[in-house]
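Colleague: Could you walk me through this one? I would like to start with the strands and then turn to the core.

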Amino acid sequence: MFERRPADVRAVDVATGESEVVAEDIWEHRTNALGYNPVDNYIYGSFDTDEDGSWEFGRVGSDFSVELLGLPEGWAEGPGEPWDESFDRVVADFTPDGHYWAMLRLDSGASWAEVDLDPASPDHMSVASSGDFDVPDGWDPGADWAYNVDDGKFYMVANRTDEHTEWGLLAFDPAAHTMSVAAEIGQLVGENGPLSGGTNTTLFGAMYSDADGYIYAAHSATGQIWRVDMASGEAVFHGRAAGDVTNTDGARCTTPEPEEPAQPFACGPGAPGYLFQGSPARVSSVDLVTGESQEVAEDFWPERTNGFGYNPLDDYLYGSFRVGDGDGWEFGRVGADFSVELLGLPDGWPETWNTSNQVIVGEFTDDGHYWGMLRGETSSSWVEIDLNPDSDTYFTVVDDGVVDHPEGWLPGSDWAIDVGDGNLYTLGHGTDEATEWALMRFDTTQHTLAVTAELGQLDDGDGPLTGDSVGAIYADADGFAYASHNSTGEIWRLDLSGGTAEFFAHGPGEVSTNDGARCAESGLPVDFGDAPDSYGTTVASDGARHSQLDGLTLGSIWDAETDAADDPAALDGANDDARGDADEDAVAGPIELSSAARSSTSVPVTVTNTTTEPATLAGWVDLDGDGTFGSDELRTAAVPAESGTATYELAWDGTGELASDSYARFRLFAGEVEEADVLPTGSAAGGEVEDHAVIPASDDGDEDGTDDGDEDGTDGGTDDGGTEDGGAEDGGAEDGGTEGGTDDGDGELPDTGAGVGGTVVLMVALLMLGSLAWVFRRRWLLGSGESV
């Protein structure tokens with residue numbers, strides 16, 4: 001936008017109306033009749049060379065420097081004197097062939113001139129044609145025009161000669177050199193009432209067009225930008241640029257070089273949910289397993305957004321976008337880079353939904369149809385839109401209607417698809433009891449809304465949720481939906497077929513506006529343990545659970561479950577391998593643990609980490625058998641980045657006792673985790689959990705080395721008062737005892753010739769040899785960390 005004298009240049013975002021001055025005082029006098037040449041990508045216009053009205057053509061570069069070009073060849077013979085005297089009433093724009101078309105508004109009628117400004121043309125800077133034409137009766141031509149690539153005509157927003165608040169769309173046909181009324185718009189009512197024309201300062205002095213058939217008209221006095229459909233004449237307030245300017249003119253590339261379209265999203269396993277919050281809108285990526293979020297688009301849209309859904313046919317997000325000052329809205333498509341392409345309103349949009357009724361609930365079915373809802377107090381309006389890119393009725397309303405609410409219930413502010421039955425589900429609350437919740441189903445065939453399960457209060461321990469709003473609901477491919485509460489951020493997992501709700505994670509909260517979308521065809525792979533639930537294993541017990549991260553596993557196999565077990569009674573440390581893949585391959589179980597007080601048991605744990613980040617291995621053994629894992633039962637080890645598959649030793653000292661039924665838990669966490677933050681329960685992003693049964697070691701002995709009846713007697717222990725295999729039994733020698741030492745049954749030792757003293761010495765020697773053998777075996781024959 002070129003404005004004022006000396007001339008400044010302002011860059012205007014026609015999508016939002018936001019603008020900034022990019023060049024000051026580029027010309028000391030007035031400029032006008034500017035257009036963007038698509039052939040050489042320069043802006044051309046007329047430049048006042050002094051105060052007496054003399055002027056020349058000029059070319060403006062991207063640094064806003066001006067090169068004067070003089071007057072085109074044939075100018076004097078063509079347009080001539082009227083143009084020289086009235087250049088301030090000239091409008092202009094380019095056709096795709098690099099021809100500059102200008103119009104001079106006269107007191108009666110108008111003149112036109114065509115100038116060849118194709119740099120490669122032999123007639124460059126020459127008048128190609130010129131002449132006069134009639135203006136439609138009752139209309140004053142506008143103060144700028146813009147080219148429509150669809151039909152090859154120039155369009156302007158003009159007002160009536162006798163009713164300056166009545167506006168219309170005029171079209172100039174460069175082939176026929178005629179002007180006609182394309183559409184009567186009527187009044188353009190902005191925030192301060194109807195716009196008025198009639199003078200240069202109250203006309204639309206700058207007009208820009210796009211490649212999609214719209215013209216953007218900027219009102220000089222107010223700065224209001226109105227978007228006008230050049231095919232239908234429909235006008236929508238679109239934004240606000242700088243206003244209160246006496247002289248404005250605009251230029252924009254109408255036929256830009258094709259841009260690479262925004263890439264679609266990826267719908268792989270474990271795809272995140274996308275959360276749209278606030279005004280201006282921002283976008284966060286949410287890991288539904290942990291509730292952790294990361295802002296991926298700040299200032300995504302200057303106004304409020306809502307009603308998002310993920311189209312499974314093209315992998316784009318679609319939703320509704322407030323435009324201008326929030327007086328209207330349009331549908332838009334969002335790419336993986338979070339760029340927005342506005343689409344307008346679909347064909348056949350219901351009259352009952354005016355431009356102020358923004359869609360607040362949106363979701364897709366698998367046929368690429370978008371289902372939107374506008375919630376009321378006792379009933380809601382719904383609409384079905386075909387957004388299948390290959391359909392002949394793309395962006396057309398297929399059906400719409402009104403559905404009554406179940407008595408006593410209000411549907412939620414978002415809904416999600418069940419890919420199993422093709423219906424839409426929402427988390428509603430009671431109209432009288434805002435802490436009572438229900439799972440509600442909208443039948444996409446019958447167009448009815450019903451309660452499928454009354455859930456009662458939803459309380460994760462911090463108090464029951466109230467019905468202020470559940471603005472974001474995400475679906476997965478396994479028949480679950482994940483409802484995110486606006487103010488608390490709590491995420492509750494809804495079993496759509498079973499009709500239950502479980503607290504699942506803490507997500508982003510403390511906002512008044514939430515909306516969410518996720519690819520419903522993506523599963524949400526989660527790994528659980530399988531120890532008894534007293535250890536914290538199931539979702540209901542906030543059990544240990546991990547989302548999937550390629551390259552980070554305990555052992556080498558990772559499989560997914562929707563919960564730790566269908567039947568909690570089956571949690572026995574071996575149930576996980578019985579369901580799905582046998583992924584409990586990090587530890588050879590059951591684990592045999594020595595309880596001897598001076599012993600230590602080392603458990604080898606196999607870990608795979610091919611990621612570029614380090615990881616943390618943690619293990620717990622329930623040494624005291626209380627059915628929980630305590631912080632004193634935790635051992636950890638660091639796992640380097642890109643370390644491949646390796647084995648790490650975690651060791652536990654004996655306590656002198658070990659429960660007959662005990663369990664161990666091993667967890668692998670992504671990143672370097674402080675030991676104080678390593679917990680045996682709760683969710684984690686990436687990694688895996690394995691639970692294993694723990695049993696006493698089969699060769700456990702008393703801590704003093706005696707075995708109270710050990711059969712081989714090698715530990716130097718006595719059996720019924722005598723040694724076996726080198727010790728005396730019942731007073732006699734056996735297998736290496738002294739010859740002739742057999743008991744003859746009279747209760748006396750036979751005479752060996754050594755006497756009583758010799759027998760005593762012999763017994764002491766044998767006991768000492770047994771003790772030495774025990775020490776030798778313990779210290780030199782057993783490896784570090786092994787036990788006897």
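Modeller: A word on terms before anything else: strands (E, at least two residues) are DSSP runs, numbered from the N terminus, and two of them pair if DSSP finds at least two bridges between them. This is a predicted model, in which local features need pLDDT of at least 70 and side-chain atom pairs count only at pLDDT 80 or more, while totals for chains, interfaces and linings use all residues. Residues are numbered from 1 along each chain as its sequence is written, and side-chain values use heavy atoms, with hydrogens and water left out.

Colleague: OK, which residue in E26 is the bridge partner of Ser284?

Modeller: That is Glu295; strand E25 (residues 281-286) and strand E26 (residues 293-301) run antiparallel and are joined by five bridges.

Colleague: And how many residues lie between E25 and E26 in the hairpin?

Modeller: Six residues lie between them, and Gly291 in the turn has a positive phi of about 85°.

Colleague: Switching to the open sheet, what is the order of its four strands?

Modeller: The order is E40-E41-E42-E43, with antiparallel pairing, and the edge strands, each pairing on one side only, are E40 (472-475) and E43 (500-506). Between E40 and E41 (residues 480-484) there are four bridges, and Ile473 has Ala483 as its bridge partner in E41.

Colleague: Now the largest nonpolar core: which residues have the most contacts inside it?

Modeller: Trp145 and Phe204 do, in a core of 34 residues, where a nonpolar core means buried (under 20% relative accessible area, 1.4 Å probe, protein chains only) Ala, Val, Leu, Ile, Met, Phe, Trp, Tyr and Cys residues joined through side-chain atoms within 4.5 Å. Another core, of 32 residues, lies apart from it and includes Trp371 and Leu455.

Definitions and conventions:
Buried means under 20% relative accessible area, exposed over 50%, partly exposed in between (1.4 Å probe, protein chains only).
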